[in-house]
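Please open the structure in the viewer and keep the sequence at hand.

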Amino acid sequence: MRKVPVYYYSSVSNLTGRFAERLALTNARPVFNLADRAVRGREAEGPWVLLTPSYKAGNANQVTLPTPVRAFLRSPMNRRRLIGIIGSGNRNFGIHYQAAARELAQVSGRPVLFEFELSGTPEDVDRCVEILKRLDDAIAAAARDADALP
Ligand SMILES: Cc1cc2nc3c(=O)[nH]c(=O)nc-3n(C[C@H](O)[C@H](O)[C@H](O)COP(=O)(O)O)c2cc1C
């Protein structure tokens, strides 16, 4: 069964990256780093999930989505194939908590699948692995239903 790939961005502090690596290790989930120019220049081959931190607070022009994420989302195909968003944030940022994931969910109509702080706890990783597995199952079931259509 196809595993929905997770495309992520992480800054030099690499908190989101550590979470992504643990998703990959726990569940052999394909994860791709949007900091890599070759990765963000591609088109997703099918449904994909975004994992992004928020950098709203302290940002003069209040741009919430990291630039490499915006670059990847410039592709209409990538926008169409995005099926959900996972956010890494920090509750210390108050009303801006998870601003990037939540604002993108609002404009794209895609759900926030999971939110965690910093690099997440082992429990966060387990819960996120389960959510992504259920997503894999749902996509496989939808494909079977489509095949069964006359
Ligand atoms: C300058 C700065 C601004 C931030 N703004 C927000 C914010 O608006 N909302 C939020 O939830 N977290 C915010 N954070 C927290 C980061 O999103 C969080 O630490 C995240 O795990 C960082 O991931 P990374 O290390 O992969 O870049 C901010 C962090 C920094 C350093």
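Helices, of at least four residues, and strands, of at least two, are DSSP runs numbered from the N terminus. The model on display is predicted.

**First stop: the ligand and its shell**

Select the ligand. The space it takes is the largest pocket. Next, display the residues around the ligand: there are 19 of them, and the closest are S10, S11, S13, T16 and Y55. Colouring this shell by class shows seven nonpolar, 11 polar and one charged residues. Then highlight α1 (15-27) and β4 (82-89), each of which supplies at least two residues of the shell around the ligand.

**Second stop: backbone contacts of the ligand**

Move to K56, which places a backbone N or O atom 3.2 Å from a ligand oxygen. Finish with N90, whose polar backbone atom is 3.1 Å from an oxygen atom of the ligand. Taken alone, the ligand exposes 650 Å², and the protein buries 83% of that.

Select S10, one of the residues closest to the ligand. S10 belongs to the loop between β1 (6-8) and α1. Is S10 buried or exposed? Its relative accessible area is 10%, and the limit for a buried residue is under 20%, so S10 is buried. Now show the polar atoms of the S10 side chain. One of them lies 2.9 Å from the backbone nitrogen of G17, and the side chain also reaches the backbone nitrogen of T16 at 3.4 Å.

Select helix α6 (residues 122-148), where D136 has its place. D136 counts as buried because its relative accessibility is 5%.

The next selections concern backbone angles. Most residues other than glycine have a negative phi.

Select A28, in the loop between α1 and β2 (31-33). Although A28 is not a glycine, it has a positive phi of about 50°. A28 counts as exposed because its relative accessibility of 56% is over 50%.

Then select L118, located in the loop between β5 (112-117) and α6. The phi of L118 is likewise positive, near 55°, in a residue other than glycine. With a relative accessibility of 40%, L118 counts as partly exposed.

**Last stop: a distance**

How far apart are A28 and P76 in sequence and in space? They are separated by 48 residues in sequence and by 28 Å in space, C-alpha to C-alpha.

Technical notes: Residues are numbered from 1 along each chain as its sequence is written. This is a predicted model: local features need pLDDT of at least 70, side-chain atom pairs count only at pLDDT 80 or more; totals for chains, interfaces and linings use all residues. Side-chain values use heavy atoms; hydrogens and water are left out. A residue is near a molecule or strand if one of its heavy atoms lies within 4 Å of it. A polar contact is a pair of N or O atoms within 3.5 Å; within protein, one must be able to donate a hydrogen and the other to accept it, and residues adjacent in sequence count only if both atoms are side-chain atoms. Accessible areas come from the Shrake-Rupley method with a 1.4 Å probe; for residues, only the protein chains shown count as cover. On a 1 Å grid over the protein atoms alone, a cavity is a set of points where a 1.4 Å probe fits but cannot get out, and a pocket is an open set with protein on both sides within 12 Å along at least five of seven lines; lining residues have an atom within 4 Å of a point. A molecule sits in a cavity or pocket if more than half of its atoms lie within 2 Å of its grid points. Ala, Val, Leu, Ile, Met, Phe, Trp, Tyr, Cys and Pro count as nonpolar, Asp, Glu, Lys and Arg as charged, and the others, Gly among them, as polar. Buried means under 20% relative accessible area, exposed over 50%, partly exposed in between (1.4 Å probe, protein chains only).
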